[in-house]
Amino acid sequence: MGLLQLFVGLFCAAAAAAFGVDPAVRISVFQEFSPAQGFSGVTQVQGFHDDTRAFLFQESSQMTSNEMKRRLAGVSGFSDASPEKKTSLESSGQKSEVRLHFQTKGQQTYTEIFPYLLADNQWHKVSVSISASHVALYVDCNKIYERVVAVPLMEIPEETSFWVGQRNSAHGLFKGVMQDVQILVMPQGYITQCPDLNRTCPTCNDFHGLVQKIMELQDILAKTSSKLSLAEEKMKGLDSCYCERTCHVKGVTYREEQTWTDGCKNCTCSNGTVRCEKILCPLLECPDGTTPGYVTGTCCKECQSMCLFSEQTLVEGQRCAVHHPTAGLCQLFECRDRTMHRVASSKDCPQLTCAESDQITLTDRCCRVCRGHDFCEEENICAENSACVNLDAGASCSCKNGFRPLREDSAYCEDIDECAEGRHYCRENTQCVNTAGSFMCICHTGFIRIDDYSCTEHDECASGQHSCDDNALCFNTVGGHSCSCKPGYTGNGTVCRALCDGRCLNGGSCASPNICVCPQGFSGQNCETDGIAVWTKHSLCVNENTMCLCAPADIDECRTGRSTCANDTVCFNLDGGYDCRCPHGHNCTGDCVHQAKVKHSGQIWVLDSDRCSVCSCQSGRVLCRRMVCDCDNPTLDLFCCPECDPRLTSQCLHQNGLLTYSSGDTWIDSCQRCQCLQGEVDCWPLSCPPADCDFTLVPEGECCPRCVSDPCQAHTVRNDITKTCEDEHGITRFSGSSWVKHGTDCTLCQCKNGHICCSVDPMCL
């Protein structure tokens, strides 16, 4: 159950004041309407204080208020928005996260995740500050996070529905108590919740810090101005240049949209990429006196003149030798213009070095050759992906492995897609990827290679290739792993932070379990004592925001009484730990002291502060771990093992209302991974691989961005300030800037890395 005091600040006072509107709009949600009247699952309960009402949320509740819409309608920037725009603040106790869902002016949906545990059955003051591109999260008057994000869309349409208790009508149900829920449109609205944060007079450290920051900004401004002047000079020289993306193939450069023939493929240069299609040869009907035949350098047969000679059919340019065995003479003829012409020999045949029995007589020449003669060296008509093969009386072409012939003589060949045709040997846990002349078997995520064709599960925990925090335990799973924070730490396993009993006061921070690092001038277990901090040779001084913090480098558990050694053993301090040793001549029990209680050696118990952690006493030392889930155990704690809960009350309903899931089940909906946990649904955004390109879009029906070549189709652009555009007035526009096209009211143009993209806003017509 979560106990919250919630503020949401939308700080756009500068824009509001410029139009003469009241810059401070403050709406108390629970004063605009009574949640307990007409909303099922909402009950008024005792709050953190008695000044305002508190409400317990247990079911889905949609809350709307015309007064809230009226008060927000007058604020600049809060109008003319599509009702589909959604902005919400969500707390996930399962993931120990606070999520802010919002949309940007570019119509993109973003989720900013802040790792933090709110669902600890304690009251918390929570405020979210949104100011231009800055988002800050305050918890209990402490700034937990401050980030720079894409500029959120600050518009609220007339059809807006305010949801309190859940993210929207589909999912994200919140069960807990809320009090003082407010929406503020004013500068530094979070100070309303925490007045002590309002420091109008800066300290000396603040002043010196501001002076140093101003000097750094002046230096950055000077360097940026110099770079900008240099860039402007280079841009002037580019005005006379025409740039286009070309294609380079086999040492030849082709321009945009230029076409050429490469063997049996017709190719085109398109936006710097070569695109080829297979040539389809027509069916030839040759006239009398001609016959189909291949011409060197072409893919398809052509009609060629032919000659009839000694019952042979020869095509244009083909030769035939007539040998006279008895006289030792030879005459050579060539087919030209449908007639055989005698070819006069201009030189004598070369002297052969092989035996006469190894000399071969050929049909297309008068000179003999030795057996093993290299005909491929004389003339190689075999194209790419085809190999020339020497025969006894000539040469022929043969396709290389992984290729098939495109014509009868195998002079041209194409790649065989073994993956698509099922001609591969990839086994389980792999994916087949086609390559030129072959294929590859790629291991699925979370698996490692056994051989070229199969993969097995990868133990990320044993190999150290996991994403768990240093203060978390790693558990190997099929195809991946899971993380769980160690006792004394809290978080989602990937990020774990230390827990301290009570709270670190006076600006202190929790460095390790129950150890507060105090600022200068404070001391004590919770930094509650105002005095001079004592530094020793074992202390570590850390400069943090011009304030020195003292933290011990090693804790002597024996001296401080933090060991678990029983009275019959002696504690020995070690670097980063301790050991319980039995004195010589004694018979020690090996018992442990845990939370002022004696635990016998070998005893196992459940932590009082964490019912899902099991501890054991081993030779004087206490070791703790997360509970192992055995669903066949009838005494199993279902709170720690929700996947073993068979009860109907622990089931969850899918967002479409048609499917039911058991506790522990997961599914994907609306680009989010959801999990059922004892009747409650928690969803978090899917992680996407990085898209290393300038232009990306998210296709309809998909969740992750893809690279596109057309900048006008892109939803997101990685802007390059050196790539500018020139509008219809000759004004230079930087990438990312937008303007209304001259002479129109509804045509909006944008510069995207040197490309101008314009579109008509249908809502403007």
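How exposed is Arg404, in terms of relative accessible area? Arg404 is partly exposed, at 26%. Buried means under 20% relative accessible area, exposed over 50%, and partly exposed in between (1.4 Å probe, protein chains only).

1. Basis. This is a predicted model: local features need pLDDT of at least 70, side-chain atom pairs count only at pLDDT 80 or more, and totals for chains, interfaces and linings use all residues. Residues are numbered from 1 along each chain as its sequence is written, and side-chain values use heavy atoms, without hydrogens and water.

2. Arg404 and its partner. Arg404 forms a salt bridge with Glu414, with the closest N and O atoms 3.8 Å apart. The pair links distant parts of the chain, ten residues apart: Arg404 sits in strand E29 (residues 403–405) and Glu414 in strand E30 (residues 413–415). Glu414 is partly exposed, at 24%. A salt bridge is a side-chain nitrogen of Lys or Arg within 4 Å of a carboxyl oxygen of Asp or Glu. Strands (E, at least two residues) and helices (H or I, at least four) are DSSP runs, numbered from the N terminus.

3. The network. Salt bridges link Lys278, Arg404, Glu414, Glu421 and Arg423 in a network. The count by this rule comes to 24 salt bridges.

4. A helix pair. Glu216 forms a salt bridge with Lys213, the closest N and O atoms being 3.4 Å apart. Both lie in helix H4 (residues 204–238); they are three residues apart, so about one helical turn separates them. Glu216 is partly exposed at 35%, and Lys213 is partly exposed at 45%.

5. A buried pair. Glu97 forms a salt bridge with Arg99, with closest N and O atoms 3.0 Å apart. Glu97 and Arg99 are both buried.
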